[in-house]
Amino acid sequence: QVQLVESGGGLVQPGGSLRLSCSASGVIFRIYTMGWYRQAPGKQRELVSFTTSAGSSNYADSVKGRFTISRDDAENAVYLQMNSVKPDDTAVYYCSADVAGIRGVRQDYWGQGTQVTVSS
């Protein structure tokens, strides 16, 4: 079993910055894609950004140029640096990871979510 724990959410003013962290623990052989999703009230969950084990990353158009994803494979962690935040960035942010256990079986895992509120 694998657990993902997010941290770093909170209240931030428009134009400010926030850094989200997600750490994976448990029986992990290898982590492939890691990513961040978000869900605003009354809306569907949407992809924010993801990064692959090969080092590539992708971003939603709404956050390009403002958010940066990074990962630390030694720590089984993924981060999301959020700059120039806007009220539309308000949502619960979820971490996800594509993890292979010691038997090589891959499974997607999700964190419990961390609230980000952008407001003055």
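**View 1. Leu 80 and its neighbours.** Leave out residues up to four places away in sequence, and Leu 80 touches Leu 18, Arg 19, Leu 20, Trp 36, Val 48, Ser 49, Phe 67, Thr 68, Ile 69 and Tyr 93 (contact means heavy atoms within 4.5 Å). This is a predicted model, where local features need pLDDT of at least 70, side-chain atom pairs count only at pLDDT 80 or more, and totals for chains, interfaces and linings use all residues. Residues are numbered from 1 along each chain as its sequence is written, and side-chain values use heavy atoms, with hydrogens and water left out.

**View 2. The largest nonpolar core.** This core has 28 residues, and Leu 4, Trp 36, Phe 67, Leu 80, Met 82 and Tyr 93 touch the most other members. Such a core is a set of buried Ala, Val, Leu, Ile, Met, Phe, Trp, Tyr and Cys residues joined through side-chain atoms within 4.5 Å; buried means under 20% relative accessible area, exposed over 50%, partly exposed in between (1.4 Å probe, protein chains only). Among the strands supplying at least two core residues each are E1 (2-7), E3 (18-26) and E4 (strands are DSSP runs of at least two residues, numbered from the N terminus). E9 gives the most, with five residues.

**View 3. Arg 38, a buried arginine.** Arg 38 sits in strand E4 (residues 30-39) and counts as buried because its relative accessibility is 6%. Its side chain makes polar contacts with the side chains of Glu 46 (2.7 Å) and Ser 62 (3.3 Å). A polar contact is a pair of N or O atoms within 3.5 Å; within protein, one must be able to donate a hydrogen and the other to accept it, and residues adjacent in sequence count only if both atoms are side-chain atoms.

Conventions: Helix = DSSP H or I, 4+ residues; strand = E, 2+ residues; numbered from the N terminus.
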